[in-house]
Amino acid sequence: MFAREMGSGTPVVLLHGFGLDHRSLLPLDPVFERSGGWQRIYLDLPGATGSPAGAIRSSQQVADAVVDEIRARVDEQPFAVLGGSFGGMIARYVAHELRPQVLGLATVAGVFVAPRGERAVPPRTVLSREPGIVPLLGAALGQYREDAVVESTDDAHAFLRHIRPGLDGADQRALDRISESYSLDHEPEDTHPEPFLPPTLHITGRQDDVVGYSDAWSRIDHYPRASFAVLDAAGHNILFEQGDLCSALIAEWLRRIRRDATAHR
């Protein structure tokens, strides 16, 4: 499994969304850089650019492969984990399977209900259009507008830099195979029902018609140390549409992790 590692210090593993690659989470890297003392491990999940899927045929097998990869890379070190979209579902699994080592968990527009037909999502809403992005995006316009809620030239540039390369580089046949068994065998909160106590953050978009926001909130009692945020003017592209707020919330999550680690020395 390909990984891009940056910085030094306490490991934090970052897991991207379905059909993307690690570049989709690189806009967050300045947050970790400013916070200091974090070794960022950006994994490319099986089927993503640079990470062949091999015989993997399900999300459960992806999750198990990620657990094995993390063990190989961090051994018994404490670490934090953050996941976006599909990566959020995998991050939840990792956090519960390796709970004694996990310093904190964060999800950004994370999948909490895998079957699309069972998700509670708001109606598709576009709050603003930006005609200037049409010539900029060209053939990628449809891909961008599939999830965009608040269009802007800056977001379009970010899409071309961070999202489209992963879309173009993905092994679509492998992803189609995995998507046929998209659900985990069991939800991690059900398999490990005792409350998850490390500092946690769940960021959702009010206009996210892909994964919604209320499914995450249905787990609020399981996470007594969690901040739950629903951001307006944000769909599934929340890292671009509300990048400053996401960065501020993640910085605060990192501070909570540091404070807890210091208190328990």
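Student: In which loop is aspartate 185 found?

Tutor: This is a predicted model. Look at two helices, α7 (172-179) and α8 (188-191). Aspartate 185 is found in the loop between α7 and α8.

Student: Is aspartate 185 buried or exposed?

Tutor: Exposed means over 50% relative accessible area. Aspartate 185 has 56% relative accessibility, so aspartate 185 counts as exposed.  It also belongs to a surface patch of negative charge, where Asp64, Asp68 and Glu97 gather with Asp185. The answer for aspartate 185 is exposed, at 56%.

Student: What is the relative accessible area of serine 181?

Tutor: Serine 181 also lies in the loop between α7 and α8. Partly exposed covers the range between the buried limit of 20% and the exposed limit of 50%. Serine 181 is partly exposed, and its value is 34%.

Student: How far apart in space are serine 181 and arginine 57?

Tutor: In sequence, serine 181 and arginine 57 are 124 residues apart. In space, C-alpha to C-alpha, the distance between them is 7.2 Å.

Student: How many residues of strand β6 are buried?

Tutor: Side chains in a regular strand alternate between the two faces of the sheet. On one side of β6, Thr200, His202 and Thr204 are buried. For β6 (residues 200-205), the count is six of six.

Student: Which residue in β7 stands opposite glycine 205?

Tutor: Strand β6 runs parallel to β7 (residues 226-231), and six bridges join them. Opposite glycine 205 stands leucine 231.

Student: Which residue in β6 stands opposite threonine 107?

Tutor: Four bridges join β5 (residues 102-108) to β6, and these strands run parallel. Opposite threonine 107 stands histidine 202.

Conventions
Residues numbered from 1 in each chain as written. Predicted model: local features only at pLDDT ≥ 70, side-chain atom pairs only at ≥ 80, totals over all residues. Heavy atoms only, no water. Patch = residues over 30% accessible without salt bridge, like charges linked within 9 Å, V, L, I, M, F, W, Y side chains within 5 Å. Areas by Shrake-Rupley, 256 points an atom, 1.4 Å probe, with all protein chains shown as cover. Salt bridge = Lys/Arg side-chain N within 4 Å of Asp/Glu carboxyl O. Lys, Arg positive; Asp, Glu negative; His and termini not counted. Charge placed at Lys NZ, Arg CZ, Asp CG, Glu CD. Buried < 20%, exposed > 50% of the residue type's maximum accessible area, 1.4 Å probe, protein only. Pairing = 2+ DSSP bridges.
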